[in-house]
Amino acid sequence: ITVQRAFYAIYVRSLLSAPGRNVRITDNEIGSVDTSHFITFRGVDVQNVRNAEISRNTIYNILVNTAAIAGIEIGGTPTDSARISSNRIYNIRNFNPSGSGAYGISVLAGSNAIIDNNAIYGIAGMNGTATSTLSAMGIRLAGGTNHGLYYNSVYVYGDYTNTNNTEATAAAFGITSTAVTAEVMNNAFAANFTTNAAGPNHFVA
């Protein structure tokens, strides 16, 4: 299917006490080239679901000024064995002058997520502060254990030109909690940014 002009394009949330199972979100086009039809918050949001598959979707042009945005976000403690595979995610940018986050793929909680063979590029934010919530990241692991990242290609880039804050930060891949455990192998990460912030600035692959 094609989904446009939505806050959440695809939204699946089960209860903590009764997790969902075996959700398949595949082969969708999420986004638009028409600015009046953009997705404005999340491309795919899945919470408290076991054995979810999110694959072969194209998610693009989430270009807004708001709280943290994401192409794909999963979370919820019961979430287990999600597979996020072979998605193309691009042009995710948050123009919030306070530097709110922009993420290609964001994992908030759960266990045993496999993230593989995704192409992610054009993820960016604005000058802000060097914290996990105020960052642009291609792939962000903010919670959960025993995740696996394999054969992803991530290129984050852009110009940070606002002057509201003094620092800028972005990463192709980031782990934002010491509780996270993950195996990360055979990925290609790259970052290329410019900024007018005085610094310190943090742009890392």
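Predicted model: local features only at pLDDT ≥ 70, side-chain atom pairs only at ≥ 80, totals over all residues.
Which residue stands opposite Gly148 in S17? The residue is Ile114.

## The six-stranded sheet

The pairing of Ile114 with Gly148 belongs to the contact between strand S14 (residues 114-116) and strand S17 (residues 147-150), which run parallel and are joined by three bridges. Both strands are part of an open sheet of six strands, ordered S4-S8-S11-S14-S17-S20, in which the pairing is parallel. The edges of this sheet are formed by strand S4 (24-26) and strand S20 (182-185); each has a single partner strand, so one side of each is left without a neighbour in the sheet. On average, neighbouring strands of this sheet are turned by 5° against each other, with direction ignored.

Strands of a sheet pair through backbone hydrogen bonds, and the pairing may be either parallel or antiparallel.

Ile62 stands opposite Ile92 in S12.

## The nonpolar core

The largest nonpolar core comprises 44 residues, of which Val44, Ile72 and Ile74 touch the most other members. When neighbours within four places in sequence are left aside, the contacts of Val44 include the isoleucines Ile10, Ile25, Ile30, Ile54, Ile59 and Ile72. Gly71 and Glu73 are also in contact with Val44.

Asn48 is placed in the loop between strand S6 (42-47) and strand S7 (49-50). A polar atom of the Asn48 side chain lies 2.9 Å from the backbone oxygen of Ser14. With neighbours within four places in sequence set aside, Asn48 is in contact with Ser14, Leu15, Leu16, Pro19 and Gly20, and also with Gly75, Gly76, Thr77, Pro78 and Thr79.

Gly75 is found in strand S10 (residues 69-75). At 0% relative accessibility, Gly75 counts as buried. The C-alpha atoms of Gly75 and Asn48 are separated by 6.5 Å, while the two residues are 27 residues apart along the chain. Beyond the neighbours within four places in sequence, Gly75 is in contact with Val46, Gln47, Asn48, Leu108 and Ala109.

## Aromatic pairs

A pair of aromatic rings is described by the distance of the centres and the angle of the planes. The model contains eight aromatic pairs. One of them is the stacked pair of Tyr90 and Tyr121, with 5.1 Å centre to centre and 5° between the planes. This pair links distant parts of the chain, since Tyr90 lies in strand S12 (residues 88-94) and Tyr121 in strand S15 (residues 119-124), 31 residues apart. Tyr90 is buried, with a relative accessible area of 15%, whereas Tyr121 is partly exposed, with a relative accessible area of 24%.

Phe173 and Phe189 also form a stacked pair, with 5.4 Å centre to centre and 10° between the planes. Here, too, distant parts of the chain are linked: Phe173 is in strand S19 (residues 169-175) and Phe189 in strand S21 (residues 188-195), 16 residues apart. Phe173 is buried, with a relative accessible area of 17%, and Phe189 counts as partly exposed at 25% relative accessibility.

## Positive phi in loop residues

Most residues other than glycine have a negative phi. Which residue in the loop between S20 and S21 is considered here? That residue is Asn186. Its phi is near 60°, a positive value in a residue other than glycine. Asn186 counts as partly exposed, at 48% relative accessibility.

Tyr151 likewise has a positive phi, of about 60°, although it is not a glycine. The place of Tyr151 is in the loop between S17 and strand S18 (153-160).

Definitions and conventions:
Residues numbered from 1 in each chain as written. Heavy atoms only, no water. Helix = DSSP H or I, 4+ residues; strand = E, 2+ residues; numbered from the N terminus. Polar contact = N/O pair within 3.5 Å; in protein donor to acceptor, adjacent residues only side chain to side chain. Contact = heavy atoms within 4.5 Å. Core = buried A, V, L, I, M, F, W, Y, C linked by side-chain atoms within 4.5 Å. Buried < 20%, exposed > 50% of the residue type's maximum accessible area, 1.4 Å probe, protein only. Pairing = 2+ DSSP bridges. Axes fitted to C-alpha atoms, helices over the stretch in contact; angles between N-to-C directions. Phe/Tyr/Trp six-rings, centres within 6.5 Å; stacked < 30°, edge-to-face > 60°.
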